[in-house]
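Student: I am new to this one. Please show me the structure, and let me ask how we know what we say about it.

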Amino acid sequence: MTAIGVGRASFVVRRRAVAVSAVILVALVITGVLALCLGKPYVAPGEVLRSVFGESTPYDVVVQRLRLPRVVLAVAVGACFGVAGALIQSVARNALASPDVVGITQGAGLAATIALTSGAAAVVIAPAALGGGLLAAAAVLGLGSRHGLAAQRFVLAGVAVAIALRALTEIVMLTAEPIDGQRAHIWLVGTLAGRGWTETTWLVVTLLVLLPVLAWAGWALHTSALDDDTAKGLGVRPVARRAGLAAVGVLLAAMVTAQVGAVDFVALVAPQVARRLVRAERPPLITAALTGSLLVVLADLAGRLLFAPTQLPAGVITAAIGGPYLLFLLVRRKS
Amino acid sequence: MKLTAQDLTVGYGPRSVFSNLDLSLPSSALTVIVGPNACGKSTLLRTLARLLPVRHGSVLLDGADIHSLPTREVARLLGVLPQSPLVPEGVTVADLVGRGRQPHQSWWQQWSEHDGVAVREAMGQAGVADLARRPVDQLSGGQRQRVWIAMTLAQQTEALLLDEPTTFLDLAHQVEVLDLLRRMRDDGRTVIAVLHDLNQAARYADHLVAMRDGKVVAAGPPREIVTADLVRDVFGLDCVVVPCPVTGAPLVVPA
């Protein structure tokens, strides 16, 4: 632990967290450049860099219009999922908690499915998904808060809400016109294909607006691992603090799901990978954000290349990685 | 720092644990609360520590009602060690003791030089300085309890409340913790603890509070109040009270 002073302000950082974050950042930049190079046509790294930095090259359309928006979006999506997962896992005190476990993804999915199958305009879908995710989260927090938002209660309430919402989504999809059901199904599997600057702008604005709150959250998480009596003894109001941290987490998760659909497991995996690398008792927010970004950039790249010319949605790739990872967590916990 | 309970009524659900309780605890002294299981001693301590809401009456800290003071301000005046607190996974000793500085910090002032000094002092006083880099979940029960006490010491409060700090410790470690409480008292702090063992309470306490069924049966210096009659009243046990051969404090021997 090292304290950094800025005037009267001071911030605590872990040296290991800084080192790990720096390494992940370098890996992220390299992967990002690779994602701009690879595919059909292949663009040499030199050409990519020249195009990105504003020089005119024959590959401007491929690099600037097709690949760059997707890579930047992947970075933003991963960062939002990483931070959301870190917050929700810390509040739930459970490494298996994430937005798709506690019902936020399912709420967004149900709302988007209703919008898609009822013939609503395309612009309505993202706001509807955001609203659905937030409503689901409100239901979970409401159900979970009856006994001071105890960690286990919060997770159980989330699992129950998630199952109910998934069942409702199935009903809506099955009773809809087949073509609408198909569109809803495609939305439900998160993908970055065909998405770009608009979605990125929403996510970056959300992150920027939440920045002061995230700075507070990074500090408030210090006491999230303590029991309520100990935390109260230290002058903390644990229930209010948990509710605040969870609210920031679900807002981010609902926002990102509304923009790109359910890119499953990133919010689950990224914070835990970050926590293990940093060797801390809880996932550090910035490291979790960078890890999430790296995961989504890699997943989107893999989805583009693995079965080219067929493109797999990033959500399919992350789910394929997430499943075995979940098993790995379960097996390791027992030993 | 004087802690007073006035006309205090506290309960869980419809049941009252105690009603209209009045109690005044001396400043800069070691007060020990004893009584049989379920007599309300832990509830009383938790109420004094502001962990439980009061139904009626008030707890005064040097005359100010702690339930109307801001939470952080209470935490700068009064430290609490709950019974068997949860150890965060993988946290180191220095890190955990550092959390005691929480009421003195804010998100934009997370650490000052004074915080570092307070943490080092607290670890020194509690005898855990050489464990600073060790993970708390790998320590023995006695070491762990001293780490928790160090955390409340780092809080630098004048008053300190501890709920059964010696439970689950072997005898040598119990004595270690009790000696530590006494040293804290010697530093001028007001220390209040709930203890299970009446003989330890009688030996270490400056002021003893004996409770039964939510009522204070007797309160005062152990040498004045610990008698065979009191023990029969409070614990329902026939006994002989003799002077302790080492300290002269009253020693309760079951008959």
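Student: Leaving aside its neighbours within four places in sequence, which residues is Leu87(A) in contact with?

Tutor: This is a predicted model, to begin with. In it, Leu87(A) is in contact with Ala217(A), Leu245(A), Ala246(A), Val248(A) and Gly249(A). The cut-off for a contact is 7 Å between C-beta atoms.

Student: Which residues touch the most other members of the largest nonpolar core?

Tutor: Leu87(A) is one of them, along with Val77(A), Cys80(A), Val83(A), Ala112(A), Ala254(A) and Val297(A). The core holds 102 residues. Helix α3 (residues 60-92) of chain A gives the largest share, 19 residues. A second, separate core has 81 residues, including Val17(B), Phe18(B), Val93(B) and Val226(B). In soluble globular proteins, nonpolar side chains tend to be buried together.

Student: Why does Ile24(A) count as buried?

Tutor: Count its neighbours. Ile24(A) has 22 C-beta neighbours inside 10 Å. The cut-off for buried is 20 or more. Ile24(A) therefore counts as buried.

Student: Where does Ile24(A) lie, and what is Ile24(A) in contact with?

Tutor: Ile24(A) lies in helix α1 (residues 15-37) of chain A. Beyond its neighbours within four places in sequence, Ile24(A) is in contact with Thr287(A), Leu290(A), Thr291(A) and Leu294(A). Take Thr291(A): 267 residues separate it from Ile24(A) in sequence, yet their C-alpha atoms are 6.7 Å apart in space.

Student: How do you know that the radius of gyration of chain B agrees with a compact globule?

Tutor: With 255 residues, a compact globule would have a radius near 18 Å; chain B has 18 Å, which agrees. Chain B contains nine helices and twelve strands. Buried residues come to 47% of the chain.

Student: How do you know that the span of helix α11 (residues 266-278) of chain A agrees with what it should be?

Tutor: Use its length. At 1.5 Å a residue, its 13 residues should span 18 Å. The end C-alpha atoms are 18 Å apart, so the span agrees.

Student: What makes α11(A) mostly covered?

Tutor: Eleven of its 13 residues are buried. Among them are Val266(A), Leu268(A), Pro271(A), Arg275(A) and Val278(A). Arg279(A) follows α11(A), with a positive phi near 60°.

Student: How many residues does each chain bring to the contact between them?

Tutor: Chain A brings 25 residues and chain B brings 27. On the chain A side, β2 (9-13), α8 (197-220) and α9 (228-233) each supply at least two residues. By class, that side has 13 nonpolar, six polar and six charged residues.

Student: Which elements of chain A have the lowest and the highest mean pLDDT?

Tutor: Strand β1 (residues 2-6) has the lowest, 69, and helix α12 (residues 285-305) the highest, 94. Chain A averages 87, and 95% of the residues score at least 70.

Notes
Residues are numbered from 1 along each chain as its sequence is written. Chains are lettered from A and ligands numbered from 1 in the order in which they are written. This is a predicted model: local features need pLDDT of at least 70, side-chain atom pairs count only at pLDDT 80 or more; totals for chains, interfaces and linings use all residues. Two residues are in contact if their C-beta atoms, placed from the backbone, lie within 7 Å. Helices (H or I, at least four residues) and strands (E, at least two) are DSSP runs, numbered from the N terminus. Ala, Val, Leu, Ile, Met, Phe, Trp, Tyr, Cys and Pro count as nonpolar, Asp, Glu, Lys and Arg as charged, and the others, Gly among them, as polar. The radius of gyration is taken over C-alpha atoms; the globule rule is 2.2 Å times the number of residues to the power 0.38. A residue is buried if 20 or more other C-beta atoms lie within 10 Å of its own, exposed if 12 or fewer, and partly exposed in between; C-beta atoms are placed from the backbone. The expected span of a helix is 1.5 Å times one less than its number of residues. pLDDT is the predictor's confidence in each residue, from 0 to 100. A nonpolar core is a set of buried Ala, Val, Leu, Ile, Met, Phe, Trp, Tyr and Cys residues joined through C-beta atoms within 7 Å.
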